[in-house]
Amino acid sequence: MGKVTGFIEIDRHDRRYAPASDRIRHYKEFVLPMSEASTKDQAARCMNCGIPFCHNGCPVNNQIPDWNDLVYRGDWEEAASNLHSTNNFPEFTGRICPAPCEAACTLNLSDSPVTIKTIENAIIDRAWEEGWVRPQKATRQTGKTIAIVGSGPAGLACAQQLARAGHDVHVYEKNPKPGGLLRYGIPDFKLEKRHIDRRVAQMSSEGVTFHCGVNVGVDITAQELQENYDAVVLAGGSEKPRDLPIPGRDLNGIHFAMDFLPQQNRRVSKEPVRSNTPILASGKHVVVIGGGDTGSDCIGTSIRQGALSVTQLEIMPRPPEKENKLLTWPDWPLKLRTSSSQEEGAERDFAVLTKEFTGDGGQVKQLHISRVDGKMQPVPDSGFSLRADLVLLAMGFVSPIEDGLLADLGVQLDARGNVAADTKVYRSSTDKVFACGDMRRGQSLVVWAIREGRQAASSVDAHLMGSTTLPR
């Protein structure tokens with residue numbers, strides 16, 4: 001296994017960001033890759049653990065020590081092959097995954113985990129540059145047809161696996177281009193859309209047919225899919241945002257994050273904005289309510305649009321600076337994390353509750369806020385006000401949208417409003433209908449969506465053919 005003393009001899013080094021003063025002037029990716037030699041050195045730090053806990057941390061079950069060793073030995077093509085054996089889209093996860101594998105790394109006990117995410121990204125970027133990523137066309141056709149509703153990471157992973165098994169796969173996407181949340185939710189400065197485009201081109205060469213601009217349940221009925229396909233996979237995501245129904249919510253200037261972010265992504269890709277009400281942060285005091293990744297994306301986008309100030313509010317208490325390793329490792333720890341967007345100039349406040357919006361002439365102007373205690377109850381006499389010309393609600397998503405497709409199919413929903421289906425067969429309560437990704441599990445990470453798409457594909461193949469060789 002590589003350099004057995006590497007973790008002792010070599011310090012951890014990771015990719016750097018371009019200076020904030022430079023990167024906020026554009027919407028391009030700004031992570032600076034490491035050299036080949038530095039990447040090989042970092043791969044040499046992998047410890048050949050008796051029990052590689054990084055496997056536990058990785059939802060797609062990447063064989064991390066194996067491709068670390070291959071990179072250390074200079075066999076990049078085999079490393080790319082190994083990486084693709086468990087992950088259809090490592091260029092997505094290598095850019096936007098929070099890397100729970102690194103939290104689970106044994107070296108994280110000393111705060112110096114192997115730079116797994118960086119090495120993964122280096123492998124796939126080199127594979128594309130060298131031409132090692134090619135269409136993998138099925139050697140036989142099964143004659144079975146499958147409709148996949150939604151072209152986010154779950155739908156794309158499911159579609160690619162099923163096409164490679166020889167099925168005739170059709171992906172339905174309501175937006176003009178495939179990619180779902182990857183394309184319309186995640187800003188280009190985190191994931192340039194060329195990465196999606198070349199995967200879609202690869203999948204088209206493998207036989208996947210994309211039907212874009214088709215809203216299933218509106219432009220085509222759910223019953224038509226059931227009648228025309230041997231199986232239907234629901235991968236439409238969790239799109240119903242969590243609202244904040246307090247006084248003043250109807251004022252202008254208060255928007256959901258997923259009304260704001262897609263507009264800018266469409267501007268960058270020169271697509272029509274598709275709204276008569278442009279949402280722009282230029283010259284405004286912006287308040288983002290919600291402390292997660294979507295909130296961070298709102299911050300970075302607002303700063304690039306020229307906001308005068310950006311403040312992020314979080315109802316949860318401020319997390320600790322560091323976790324207690326002996327209590328948390330190898331699980332994902334709760335600790336204070338600062339995103340690249342937050343570093344660009346946002347103010348953050350924790351343990352606060354917005355109680356009312358007020359405005360002037362129908363336009364929001366202030367938030368009235370109270371501090372909260374450990375039980376999320378307002379602290380007496382702790383109220384204060386915050387100026388705001390634009391408020392972005394980024395408090396997560398509660399469930400898929402039930403009206404339309406799901407109602408027409410009559411699928412059973414779980415207690416949280418997601419499509420009820422287990423992770424063994426991914427089959428819904430309706431005949432021939434399967435579900436995966438956020439539409440089944442609720443809002444989650446892209447890496448979990450890829451895992452569910454792959455596993456659902458295996459279940460669909462087994463359902464149609466009686467057995468399957470597709471990995472889970």
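Modeller: Let us begin with a term: a residue is buried if its relative accessible area is under 20%, exposed if over 50% and partly exposed in between, using a 1.4 Å probe and protein chains only. This is a predicted model, in which local features need pLDDT of at least 70 and side-chain atom pairs count only at pLDDT 80 or more, while totals for chains, interfaces and linings use all residues. Residues are numbered from 1 along each chain as its sequence is written, and side-chain values use heavy atoms, with hydrogens and water left out.

Biologist: Is Ile-96 buried or exposed?

Modeller: Ile-96 is found in helix H7, where helices are DSSP runs of H or I of at least four residues, strands are E runs of at least two, and both are numbered from the N terminus. Contact means heavy atoms within 4.5 Å, and Ile-96 touches Lys-117, Leu-182, Ile-186, Lys-190, Leu-191 and Val-446, not counting residues up to four places away in sequence. Its relative accessible area is 16%, so Ile-96 is buried.

Biologist: Why can strand E3 be called largely enclosed by the rest of the structure?

Modeller: In a regular strand the side chains alternate between the two faces of the sheet. Here Thr-145, Ala-147 and Val-149 point one way from E3, while Ile-146 and Ile-148 point the other way, and all are buried. E3 covers residues 145–149 and is largely enclosed because the number of buried residues in the strand is five of the five.

Biologist: Which residue of strand E6 is the bridge partner of Val-149?

Modeller: Two strands pair if DSSP finds at least two bridges between them, and E3 is joined to E6 (residues 231–234) by four bridges, with the two running parallel. E3 also pairs in the parallel sense with strand E4 (residues 168–173), over five bridges, and there Ala-147 stands opposite His-170. On the E6 side, the bridge partner of Val-149 is Leu-234.

Biologist: Which residues touch the most other members of the largest nonpolar core?

Modeller: A nonpolar core is a set of buried Ala, Val, Leu, Ile, Met, Phe, Trp, Tyr and Cys residues joined through side-chain atoms within 4.5 Å. Leaving aside neighbours within four places in sequence, the contacts of Ile-148 include Gly-155, Leu-162, Val-171 and Val-233. Of the 63 residues in the largest core, those that touch the most other members are Ile-123, Ile-148, Leu-162 and Leu-182.

Biologist: How wide is the arc covered by the buried residues of H12?

Modeller: The buried residues of H12 are His-195, Ile-196, Arg-199, Val-200, Gln-202 and Met-203. They pack against several elements, including helix H6 (76–84), helix H9 (116–130) and strand E5 (209–212). The arc is that of the directions from the helix axis to the C-beta atoms, and these residues are on the same side of H12 because they cover only 160°.

Biologist: Which residue is joined to Trp-329 by a cis peptide bond?

Modeller: The bond has an omega of about 5°.

Biologist: What is the phi of Asn-48?

Modeller: Asn-48 lies in the loop between helix H3 (36–43) and helix H4 (53–57), and at 46% relative accessibility Asn-48 counts as partly exposed. Asn-61 is found in the loop between H4 and helix H5 (64–72), and its phi is near 60°, a positive value in a residue other than glycine. Asn-48 is not a glycine either, yet its phi is positive, at about 55°.
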